[in-house]
Amino acid sequence: ERGERFVVRTYSPMATVAGGIVLDPAPPARRRSDAVTLAGLEARRKGTPHELLRSVLLTHPFGLTAAQAASATKLDLGTVEKAADQLVSAGDAIRIAADRLIGKPHLDAATRKMHDLLRAYHEANPLRQGMPREELRGALGAKCDSRDFNALLTYWESEGHIAIDQAVARLPSFQVVLNRRQQSLYDRVVSLYEEARFQAPTIEEASRSIGAPPDAIRAMVRVALDRGTLVRINEEILYHASTLAAAMELIRQEVAASGAITASRFRDLTGSSRKFAVPVL
């Protein structure tokens with residue numbers, strides 16, 4: 001247990017060579033010269049609650065809840081919360097959620113890394129609305145679990161560092177901008193799917209109809225999906241958002257009138273085929 005005394009003895013010859021007080025009975029594996037480890041041990045030697053909490057925060061790059069901090073420091077929850085108030089007042093830690101505390105150096109480092117990751121993603125993917133959230137979480141580090149990540153996202157969004165659009169994250173200043181040629185192709189792709197209604201074309205069919213390479217069609221489709229203009233039904237089928245809304249209304253009306261709807265009935269109502277009816281339903 002922390003605070004217990006110990007002695008160190010050699011085996012041969014048998015002699016007492018040192019003694020001390022246990023500071024951390026279950027330390028993480030680190031080099032003994034590691035600066036963070038030494039700072040943490042020094043904080044534990046001093047033993048004040050806010051120094052103990054500071055030392056624990058040094059080894060948790062994405063922060064801790066109050067309950068986790070109490071467990072790590074072996075302090076009661078009330079003492080931890082008072083220590084947290086001291087660290088926040090001193091500017092050594094930041095509350096990024098109601099019950100989550102993170103050391104300011106770690107938060108600053110994570111914020112810089114997030115900015116760098118999103119900036120690089122936007123440069124590499126100028127036609128994508130943003131970086132998938134899970135991809136960003138993974139890039140921040142293996143130790144960033146979903147609770148850590150969601151707390152960081154909420155904090156960054158409240159501070160204006162990041163914008164969240166459904167399942168993607170972007171820098172607030174970033175917008176997809178199409179040049180004249182891209183905008184013309186985008187309009188033609190969207191119009192094709194809107195006019196096709198319930199029998200939407202595949203990428204290859206759209207490519208032949210419009211007279212543009214499949215990769216160019218896919219790029220415009222991704223933009224339309226990000227904007228919500230097109231909706232992916234499955235890996236092969238894309239619907240214009242208005243077509244999907246109409247399909248949903250037909251389904252609601254049929255179920256209200258008949259109590260149920262079959263794939264064949266949906267096929268007849270939309271003039272499509274089973275290829276489309278089953279995935280849509």
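The model I am reading is predicted.

**Entry 1. The second largest pocket**

I looked up the volume and found about 200 Å³ of space in the second largest pocket. I then listed what surrounds the space: 13 residues line this pocket, and the closest to its centre are Ile203, Arg218, Arg232, Glu235 and Leu238. The elements that give two or more residues to the lining are helix H9 (203–210) and helix H10 (214–227). I sorted the lining by class and recorded six nonpolar, one polar and six charged residues.

**Entry 2. The three-stranded sheet**

In which order do the strands of the open sheet of three lie? I read the order as S3-S5-S4, with antiparallel pairing. Strand S3 (64–65) and S4 are the edge strands, each pairing on one side only.

I took the two pairings in turn. Between S3 and S5 I found two bridges, the strands running antiparallel; here Leu64 stands opposite Leu101 of S5. Strand S4 (residues 93–97) and strand S5 (residues 100–103) also run antiparallel and are joined by four bridges. In that pairing Ile94 faces Ile102 of S5. I traced the chain from S4 to S5 and found a hairpin that passes through two residues.

**Entry 3. Helices against the sheet**

I next asked which strands helix H2 (residues 49–58) touches where it packs on the sheet. The contacts are with S3, S4 and S5, and the direction of H2 makes about 75° with that of S5. I also recorded helix H7 (residues 146–158), which lies across S4 and S5 and runs at about 95° to S4.

**Entry 4**

I moved to strand S1 (residues 5–10) and strand S2 (residues 15–21), an antiparallel pair joined by six bridges. Phe6 has Gly20 as its bridge partner in S2. The hairpin from S1 to S2 passes through four residues, and the loop between these strands holds Pro13. I checked the peptide bond between Ser12 and Pro13 and found it cis, with omega about 0°. I noted this because most peptide bonds are trans, just as most residues other than glycine have a negative phi.

**Entry 5. Two residues with positive phi**

I looked up Gln166, which is not a glycine and yet has a positive phi of about 55°. Gln166 sits in the loop between strand S7 (163–165) and strand S8 (168–170). Is Gln166 buried or exposed? Gln166 counts as exposed because its relative accessible area is 76%, over the 50% cut-off.

Arg197 likewise is not a glycine and has a positive phi of about 55°. I placed Arg197 in the loop between helix H8 (180–196) and H9. With a relative accessible area of 37%, Arg197 is partly exposed.

**Entry 6. Gln129**

Why does Gln129 count as buried? The relative accessibility of Gln129 is 18%, and buried means under 20%, so the residue falls in that class. Leaving out residues up to four places away in sequence, I recorded that Gln129 touches His122, Asp165, Val168, Arg170, Phe174, Val176 and Asp226.

Methods
Residues numbered from 1 in each chain as written. Predicted model: local features only at pLDDT ≥ 70, side-chain atom pairs only at ≥ 80, totals over all residues. Heavy atoms only, no water. Pairing = 2+ DSSP bridges. 1 Å grid on protein atoms, 1.4 Å probe; cavity = no way out; pocket = protein on both sides within 12 Å on 5 of 7 lines; lining within 4 Å. Points joined across faces, edges and corners; volume = space filled by probe spheres on them. Nonpolar A, V, L, I, M, F, W, Y, C, P; charged D, E, K, R; others polar. Contact = heavy atoms within 4.5 Å. Axes fitted to C-alpha atoms, helices over the stretch in contact; angles between N-to-C directions. Buried < 20%, exposed > 50% of the residue type's maximum accessible area, 1.4 Å probe, protein only.
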